[in-house]
Amino acid sequence: MARKAPREEPGEGALEVTAPKQWAAGIPAVTHALRMGYDQMGIRRTALTLLKVNQKNGFDCPGCAWPEPDHRHTAEFCENGAKAVAEEATVRRVTPEFFAAHPVSELAGRSDYWLGQQGRLTRPMHKPAGSETYVPVTWETAFDIVSRELGALRSADEAAFYTSGRTSNEAAYLYQLFVRQFGTNNLPDCSNMCHESSGSALTETIGIGKGSVRLDDLYDAELIFVVGQNPGTNHPRMLSALEEAKRRGARVVAVNPLPEAGLLRFRNPQNARGLAGGGTPLADRFLQIRLGGDLALFQALSRLLLDAEDAAPGTVLDHDFIAEHTDGFEAYADQLRTLDWGDVAEATGLPLDAIEATARDVLSARSVVVCWAMGLTQHKHSVPTIREVVNFLLLRGNIGRPGAGVCPVRGHSNVQGDRTMGIYEKPAPAFLDALQGEFGFEPPRRHGFDAVETIRAMGTGAVKVFFAMGGNFVSAAPDTAATERALRGCRLTVQVSTKLNRSHAVCGREALILPTLGRTERDQGPDGANRFVTVEDSMGMVHASRGGLPPASPHLLSEPAIVCRLARSLFGPGGDVPWAAFEADYDAVRDSIARVVPGFTDFNTRVRRPGGFTLPHAPRDERRFPTGTGKANFTVNPVEVLRVPPGRLLLQTLRSHDQYNTTIYGLDDRYRGIHQGRRVVFVHPEDLAERGIDDGEAVDLVSEWPDSPDRRAEAFRAVAYDTPRGCCAAYFPEANVLVPLDSVADTSNTPTSKSVVVRLERRVAPAAGREGAQPG
């Protein structure tokens with residue numbers, strides 16, 4: 001029998017700090033995964049569900065977007081995937097009686113962890129204007145409320161429609177179609193807050209905003225950079241791929257401000273060496289870079305390649321590739337020759353000999369892959385940084401051939417597919433033309449609001465209705481206080497959700513919760529047959545996902561059904577879009593996708609093949625670069641040195657091992673030695689000593705932004721940790737309050753959650769000190 005959800009919040013006084021681990025996974029990962037399954041689902045349900053995760057006849061994990069190998073293990077999931085499945089397939093339920101006992105004002109004071117632990121939503125719920133309590137309503141009533149508020153707007157642009165990466169291709173396609181038929185491109189999504197910088201930089205430089213590698217390329221690479229990411233927590237199945245690459249002879253360079261256990265040593269729980277042996281050391285070289293120093297690092301590596309070419313002409317750079325497939329090399333080479341090594345040292349915090357040794361690794365490798373995540377994408381200069389990664393790869397022809405390329409690692413299952421399906425506030429004219437040709441109406445052409453612009457628009461009253469297809473916008477967004485004020489100012493907020501989260505408690509004057517099916521559950525069509533949906537992984541593979549569990553409640557609807565019924569409620573029966581047919585038959589949706597979205601020809605046939613199919617990628621498949629120049633573009637990017645005022649630190653937000661995005665599974669981060677708490681800040685011991693702060697002392701984090709009041713996150717425990725001098729780290733969403741809404745990346749407008757200037761202020765009463773430190 002699964003355990004009951006907690007009714008009381010755990011106190012931060014229970015927090016313990018031990019020494020960080022020096023390896024990841026192994027037997028502890030197995031036991032933690034099974035314990036979470038037992039707590040949420042019970043023993044039998046755990047076994048039945050986990051054996052279907054990421055299988056060709058099963059369902060796609062609702063966690064990360066890492067691709068599955070063609071030959072799959074019986075247990076093709078990781079610890080955090082098991083936690084994601086357990087959270088969704090839990091037997092805990094949130095009923096109307098729960099809402100009657102817990103008014104919104106109380107729920108708003110609860111933590112994300114406590115809210116998520118209450119279980120699955122079971123009924124459509126409505127908070128009337130002026131009320132503090134959600135009450136159950138019928139689906140028809142819920143759709144009438146949304147239609148009434150949308151119909152009362154003076155302009156369609158007074159509504160914004162957010163999307164989480166969990167949404168299927170079919171649901172995303174229908175959702176953007178509904179929004180554009182309504183008349184707006186206000187389609188902010190979670191990409192705006194994570195990999196928007198990747199898409200912006202890659203579109204400019206190689207002509208497509210997606211990575212260019214497949215899983216086999218990672219296996220075949222001779223050198224792999226893992227930059228600004230923590231695979232052991234955020235996408236642990238990547239560790240298995242790195243282990244296979246190492247087995248085939250690859251070297252791995254880890255570039256990160258914090259040492260991450262999974263990159264130090266991986267004990268693969270799927271083989272004997274991982275369970276009983278010492279595992280596999282993954283990172284051959286660890287570059288502990290200062291926050292924001294990656295642009296300078298890759299420019300320095302490129303300069304050293306250029307110097308090596310000057311010393312031995314014709315032996316280092318791929319001149320044939322550069323001449324035939326690239327544009328702008330001469331201007332880039334001219335800039336490299338002016339590189340200031342003092343700026344490199346200050347920006348990176350790395351000694352020159354470490355950079356030179358890394359350049360020798362590059363020179364000895366014929367094929368190089370660079371992988372990255374949000375450590376690169378959430379700085380003011382993120383887009384130039386990723387452009388610089390592309391420059392580095394272009395010099396030796398490392399895009400468009402086996403074992404080489406760019407690999408942005410997307411953080412949420414189908415976040416890439418949502419964008420492919422048209423979830424984008426700045427749609428391409430060709431996509432809108434295809435929609436018009438398919439359905440007959442004229443889609444709006446003006447650009448819409450992204451996530452940050454949506455918060456601003458809600459704050460000024462320009463957006464009055466906020467509709468979220470999944471996710472937890474309040475906790476995912478920056479500048480928590482500003483985001484909460486903005487949402488509370490809306491006339492109506494609507495959340496399509498599987499679980500309770502903070503966005504249900506921080507809501508508009510009127511609010512709706514629309515409960516939907518999860519990935520693990522059966523989606524039955526009118527004939528009673530179990531239907532499938534599709535997703536796209538981080539490497540452009542599209543495959544089917546079919547849940548097998550009974551729905552958590554008979555009152556749930558699938559996301560496609562919610563969109564189609566809302567559309568019929570708002571637009572009425574008939575019209576150019578066959579909403580009723582789309583709800584009844586997902587094959588009809590996929591046939592429409594095949595006519596509108598490039599790469600999906602014969603969608604229904606190809607996706608029924610075991611494992612699905614790979615979308616075309618011109619740079620990878622043909623060495624064709626669909627940019628404005630018709631070639632891959634070298635770009636000139638001045639080195640950025642992030643300098644902070646005296647006494648301040650540069651903060652990055654990050655995840656704990658017991659969370660995925662804003663979903664908090666537990667209160668431990670055992671790889672970093674944090675147990676039973678989350679309000680911690682990791683600081684170099686010498687930075688603590690300079691400020692007169694003891695290891696374990698309680699502090700407030702205060703962020704500073706020009707012409708803006710200070711933002712404060714109270715009562716964090718200072719933890720002495722191996723970070724670069726002048727840098728520190730804290731978990732989100734707790735630290736999101738510190739990220740100014742106006743601090744965004746150039747071009748992509750992504751919040752700069754990895755470069756926040758903060759000061760530490762001692763609190764009157766110190767927290768308890770470090771307890772029970774043991775070797776990892």
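Guide: Happy to! Let's start with L34, which sits in helix α1. Keep in mind that this is a predicted model. L34 is partly exposed, as its relative accessible area is 47%. That is over the 30% that a residue needs to count toward a surface patch, and L34 does belong to one: together with I27, V30 and L275 it makes a nonpolar surface patch of about 310 Å². Helix α1, which covers residues 27-41, gives the largest share of this patch, with three residues.

From here, let's move on to the strands. Six of them form a closed barrel with mixed pairing, in the order β22-β29-β26-β28-β27-β30. From one strand to the next, the twist averages 45°. As background, strands of a sheet pair through backbone hydrogen bonds, and they can be parallel or antiparallel.

Finally, have a look at the cysteines. The structure holds zero disulfides. For C190, the closest cysteine sulfur is that of C194, and because the two sulfurs are 5.4 Å apart, they are too far for a bond. C190 is buried, with a relative accessible area of 14%. C407 is in no disulfide either: its nearest cysteine sulfur, in C371, is 3.8 Å away, while a disulfide needs the sulfurs within 2.5 Å. C407 also counts as buried, at 2% relative accessibility.

Notes. Residues are numbered from 1 along each chain as its sequence is written. This is a predicted model: local features need pLDDT of at least 70, side-chain atom pairs count only at pLDDT 80 or more; totals for chains, interfaces and linings use all residues. Side-chain values use heavy atoms; hydrogens and water are left out. Patches are made of residues with over 30% relative accessible area and no salt bridge: like charges are joined within 9 Å, nonpolar side chains (Val, Leu, Ile, Met, Phe, Trp, Tyr) within 5 Å. Accessible areas come from the Shrake-Rupley method with a 1.4 Å probe; for residues, only the protein chains shown count as cover. A salt bridge is a side-chain nitrogen of Lys or Arg within 4 Å of a carboxyl oxygen of Asp or Glu. Helices (H or I, at least four residues) and strands (E, at least two) are DSSP runs, numbered from the N terminus. Buried means under 20% relative accessible area, exposed over 50%, partly exposed in between (1.4 Å probe, protein chains only). Two strands pair if DSSP finds at least two bridges between them. Axes are lines fitted to C-alpha atoms, for helices over the stretch in contact, and angles run from 0 to 180 degrees between N-to-C directions.
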